[in-house]
Amino acid sequence: MKNNVYVASSLNNKDRVRQLISQLTDLGVNITYDWTLHGFVDDEDKLMNIALSEAKGVDDADCVLMVTPARKGSHFEFGYAYAKNIPIVILIEEEDYVPVSFHYLTNEDDPIVFKTYDSSEAIKKVIELSS
């Protein structure tokens with residue numbers, strides 16, 4: 001089955017991620033793991049299960065959508081997806097965006113990393129790459 005997508009971002013960005021997840025699911029996309037449902041967790045046992053679920057979410061994805069601003073976990077998920085050759089779309093929505101080095105691995109340099117400042121374009125690319 002195709003159209004499996006993992007959405008990576010900061011927990012501080014969960015409301016925006018929920019909007020994007022809703023748009024994607026309305027278009028028939030399966031979200032491989034929705035970390036926005038559990039919110040902040042500080043229990044070590046629960047964190048281990050969440051880490052495994054997030055990694056499996058990336059494993060099961062045909063494409064990863066990374067929404068900035070992103071934090072440590074999202075950057076790990078980016079690297080994990082990149083190492084597994086899973087296409088990644090970076091959606092940049094922050095006004096004071098400062099790129100991290102790997103954000104330069106874009107269309108010209110690498111056929112699996114795409115960067116955009118437009119959410120409609122990001123969704124379109126995610127659909128294309130996950131199909």
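The dialogue below takes these features in turn.

Student: What kind of model is this, and how are its residues numbered?

Tutor: This is a predicted model, in which local features need pLDDT of at least 70, side-chain atom pairs count only at pLDDT 80 or more, and totals for chains, interfaces and linings use all residues. Residues are numbered from 1 along each chain as its sequence is written, and side-chain values use heavy atoms, with hydrogens and water left out.

Student: How many salt bridges does the structure hold?

Tutor: Side chains of opposite charge can pair when their charged atoms come close. The term salt bridge is used here for a side-chain nitrogen of Lys or Arg within 4 Å of a carboxyl oxygen of Asp or Glu. The structure holds 5 of them, and one of these joins the side chains of E93 and R16, at 2.8 Å from N to O. That pair links distant parts of the chain, with E93 in the loop between β4 (88-92) and β5 (113-116) and R16 in helix α1 (residues 14-26), 77 residues apart. Helices (H or I, at least four residues) and strands (E, at least two) are DSSP runs, numbered from the N terminus.

Student: Which residue forms a salt bridge with K84?

Tutor: The partner of K84 is D59, and their closest N and O atoms are 3.4 Å apart. This pair also links distant parts of the chain, since K84 is in the loop between α3 (72-83) and β4 while D59 is in helix α2, 25 residues apart. For accessibility, buried means under 20% relative accessible area, exposed over 50%, and partly exposed in between (1.4 Å probe, protein chains only). K84 is therefore partly exposed at 42%, and D59 is partly exposed at 34%.

Student: Why are K125 and E128 separated by about one helical turn?

Tutor: They are separated in that way because they stand 3 residues apart in helix α4 (residues 119-130).

Student: Which residues gather in a patch of negative charge on the surface?

Tutor: Patches are made of residues with over 30% relative accessible area and no salt bridge, like charges being joined within 9 Å and nonpolar side chains (Val, Leu, Ile, Met, Phe, Trp, Tyr) within 5 Å. Here D42, D43, E44 and D45 gather in such a patch of negative charge. Of these, D45 lies in helix α2, and D45 is exposed because its relative accessible area is 62%.

Student: Is D62 buried or exposed?

Tutor: D62, found in the loop between α2 (44-59) and β3 (63-68), counts as buried because its relative accessibility is 16%. The side chain of D62 reaches the backbone nitrogen of N3 at 3.2 Å. N3 lies in the segment before β1 (4-8) and is likewise buried, at 17% relative accessibility.

Student: What should I note about the backbone at N3 and N85?

Tutor: Phi of N3 is near 70°, a positive value in a residue other than glycine, and N85 has a positive phi of about 60° although it is not a glycine. N85 is found in the loop between α3 and β4 and is exposed, with a relative accessible area of 54%.

Student: Where is a cis peptide bond located?

Tutor: A cis peptide bond joins T68 and P69, with omega about 5°, and P69 lies in the loop between β3 and α3.

Notes: Polar contact = N/O pair within 3.5 Å; in protein donor to acceptor, adjacent residues only side chain to side chain. Areas by Shrake-Rupley, 256 points an atom, 1.4 Å probe, with all protein chains shown as cover. Lys, Arg positive; Asp, Glu negative; His and termini not counted. Charge placed at Lys NZ, Arg CZ, Asp CG, Glu CD.
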